[in-house]
Amino acid sequence: WALSNITAGTQSQIHQVAQYPGLLANLISHVRDSEWDVKKEAAWAVANMTTTATPDIVCKVVDAGALGPLIKLLDVKDSKIVNVALEAIESILKTGRKCNRSDFEDSLEKEGGLDMLEELQHHESTKIYEKTLKILETYFADDDNDEENAPSAFSQNGAGGPITFDFKANGEGRAPPAPVSFNFGMPAAAPSNSTFDFSNLA
């Protein structure tokens, strides 16, 4: 509880937490392994560091292994903590873009974060759904638009239903495309009574 308040404080306070030997790693381990009450407070502290700190501190938090435990929190029943984790993840991805750390997005995908985000599009909380959709549209929509005729990455759940993204679409079960033929206009056939005399060429 104390650390979550400290990490919500000044940049100097956040910096001290990030620089104190072993403290950041210990905090992340609590997000990953501790009982729920401790895990929840540690999650607030780590999230505060990613959403209010300078880019170099955010990178330090990610490099210390915070992304994996934050992704796991997307699967808990506490909507407030899910939202906290989403805000932290969004801030991490935003910082990654600013600092040319494309590995942040790669790490999220390797940790199963993309699958988790896809599942959250069906969450009962409108706030969580909207934040999830924003993250997917901002940081992962381009992955599915590399080819003009790629399978659709999103669908609408019924008339007027929410739009959801699916980045695992691979076109399985689709009929093969119809063969394409080209007709450039063959020259008209010579009249039937046309004759050619090659005897004068000798």
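**View 1. The lining of the largest pocket, by class.** In this predicted model, the lining of the largest pocket has 5 nonpolar, 3 polar and 4 charged residues. Ala, Val, Leu, Ile, Met, Phe, Trp, Tyr, Cys and Pro count as nonpolar; Asp, Glu, Lys and Arg count as charged; the others, Gly among them, count as polar. A pocket is an open set of points on a 1 Å grid over the protein atoms alone, where a 1.4 Å probe fits, with protein on both sides within 12 Å along at least five of seven lines; lining residues have an atom within 4 Å of a point. Among the lining residues are Leu74, Asp75, His122 and His123. Helix 7 (79-98) and helix 9 (113-120) each give two or more residues to this lining. Helix 9 gives the most, with 3 residues. The volume of the largest pocket is about 180 Å³, taken as the space filled by probe spheres set on the points.

View 2. Helix 4 covers residues 36-52, 17 residues in total. Helices are DSSP runs (H or I, at least four residues), and strands are runs of E (at least two), numbered from the N terminus. From first C-alpha to last, helix 4 reaches 24 Å, close to the 24 Å expected at 1.5 Å a residue. That expected span is 1.5 Å times one less than the number of residues. The buried residues of helix 4 include Lys39, Val46, Asn48 and Met49. Buried means under 20% relative accessible area, exposed over 50%, and partly exposed in between (1.4 Å probe, protein chains only).

**View 3. Thr50 and Ala47.** Thr50 sits in helix 4. Thr50 is buried, with a relative accessible area of 1%. A polar atom of the Thr50 side chain lies 2.8 Å from the backbone oxygen of Ala47.

**View 4. The largest nonpolar core.** This core holds 44 residues, and Met49 and Phe140 touch the most other members. A nonpolar core is a set of buried Ala, Val, Leu, Ile, Met, Phe, Trp, Tyr and Cys residues joined through side-chain atoms within 4.5 Å. Helix 7 supplies the largest share, 9 residues.

**View 5. Asn100 in its loop.** Asn100 lies between helix 7 and helix 8 (103-110). Its phi is near 55 degrees, a positive value in a residue other than glycine. Most residues other than glycine have a negative phi. Asn100 is exposed, with a relative accessible area of 71%.

**Notes.** Residues are numbered from 1 along each chain as its sequence is written, and side-chain values use heavy atoms, without hydrogens and water. Local features need pLDDT of at least 70, side-chain atom pairs count only at pLDDT 80 or more, and totals for chains, interfaces and linings use all residues.

Key: A polar contact is a pair of N or O atoms within 3.5 Å; within protein, one must be able to donate a hydrogen and the other to accept it, and residues adjacent in sequence count only if both atoms are side-chain atoms.
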